[in-house]
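Reader: Could you walk me through reading salt bridges and burial in a protein model?

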Amino acid sequence: MKFEFFRGIHCLVLLIGCLLTAVVLAKPVQLELRSVAEVKTPMLVLGDVVKVDANTSQEQAALLSMPIGTMLLTKTSMLVERKLLEKWVKLHAGMRARDVRWSGAEAVTVMLQTQLLDSSQIRTFAFDALKDWSKSITGNVEIKSQAELASLSVPMGEVEMRVSRLSEPWGLRKRVTILVDVLVADNMIKSVPVKFDISGTRTVLQVRHDVARGELLKAADVEAKDIDLFADLNEAVVLSALTSSSVRAKTFLPKGVALSKANVETQPDVLRGEFAVLLAHEGLVSIESRVEVMQDGIVGQVIKVRPVNSNNQIQAKIIQPGKVELY
């Protein structure tokens, strides 16, 4: 009799336990939407914007870590409505409407934490890039910033700057714009135009006195002068060109004119109208003859020559000053 009584009590306890468990399990998940949420990364999870009160720790952790989207890095804030979150949770958490109880704000403003990229960092990056490029220019180049820049607010993370591929081709002109791409974690944030003024001088050679056409120039015939970097001068001649080879005037050069490839040229090794020695080979025999040069030329070039007592022109290669070889 006692056994039956205790058995009945045990069953009653089990029944009450099951009922209590059912009540606990039936408790809906509480989700309270914040009105404002500040985040460090653009990858958002439900826990960033919602306070979660779930039945189990496992369910709590799953809801808190549920991805809900990614913010655009070009925007530091966005508004998310609660009704959209309700649909998202219902769809991706597999919960029925009666399993979730929402409260809190009707919408949440999500703000991405930012850092300030100082304008001087952007300007210095662009200046250094332009300075490296200017090393290819012959002369003294001065670079000055043209306008003030505003500092840039960017998301948290590693900042990188690059010269944009959309930046205008660099050339020697008085104003240059460098387009700097700013990236965070390899994501494009913004392209910043940085403007510079370019000025400077370059050294040229000017003749000390009038020089006749065809006259050879020596180092003593010229002097170095600094002129504006943007002066219209096509390929200036440097002093080493006068010392390493024979240079002559293409045209009459008045005193003070700057030397360039437009008005001087390298002295040819053979001259049109003069005579040269033509070397021809027949087997083991070499034959030399006299020919008239029909074109100016330097060693290595192929020119036209005319044998003496002949009206026919032939081609010959210049092998040394005053000597050509049948080509």
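Author: Happy to; we will go from the whole chain to single pairs. This is a predicted model, in which local features need pLDDT of at least 70 and side-chain atom pairs count only at pLDDT 80 or more, while totals for chains, interfaces and linings use all residues. Residues are numbered from 1 along each chain as its sequence is written, and side-chain values use heavy atoms, with hydrogens and water left out.

Reader: How many helices and strands does the chain have?

Author: Elements are DSSP runs numbered from the N terminus: helices are H or I with at least four residues, strands are E with at least two. Here the chain has 6 helices and 23 strands.

Reader: What share of the residues is buried?

Author: Buried means under 20% relative accessible area, exposed over 50%, and partly exposed in between, with a 1.4 Å probe and protein chains only. Of the 327 residues in this chain, 32% are buried. For the accessible surface, areas come from the Shrake-Rupley method with a 1.4 Å probe, and for residues only the protein chains shown count as cover. The chain's surface comes to about 20,700 Å², and carbon and sulfur atoms hold 54% of that.

Reader: Which contacts link residues 24 or more positions apart, and what share do they make up?

Author: A contact means heavy atoms within 4.5 Å. Among contacts in the chain with a separation of 6 or more, 56% are between residues 24 or more positions apart.

Reader: How many salt bridges are found in the whole structure?

Author: The criterion is a side-chain nitrogen of Lys or Arg within 4 Å of a carboxyl oxygen of Asp or Glu. The search of the whole structure gives 13. One of them joins the side chains of Arg123 and Glu148, at 3.7 Å from N to O. Arg123 belongs to helix α5 (residues 119–134), while Glu148 sits in the loop between β10 (140–145) and β11 (152–155), so the pair, 25 residues apart, links distant parts of the chain.

Reader: Is Arg123 buried or exposed, and what about Glu148?

Author: Arg123 is buried because its relative accessible area is 19%, whereas Glu148 counts as exposed because its value is 73%.

Reader: Where does the salt bridge partner of Asp296 lie?

Author: Asp296 pairs with Arg248, with 3.1 Å between the closest N and O atoms. Arg248 lies in strand β17 (residues 247–249), and Asp296 in the loop between β20 (285–293) and β21 (302–307), 48 residues away. Arg248 is buried at 12% relative accessible area, and Asp296 is partly exposed at 36%.

Reader: Which residues do shared partners join into one network?

Author: Arg82, Glu86 and Glu106 are joined that way by salt bridges.
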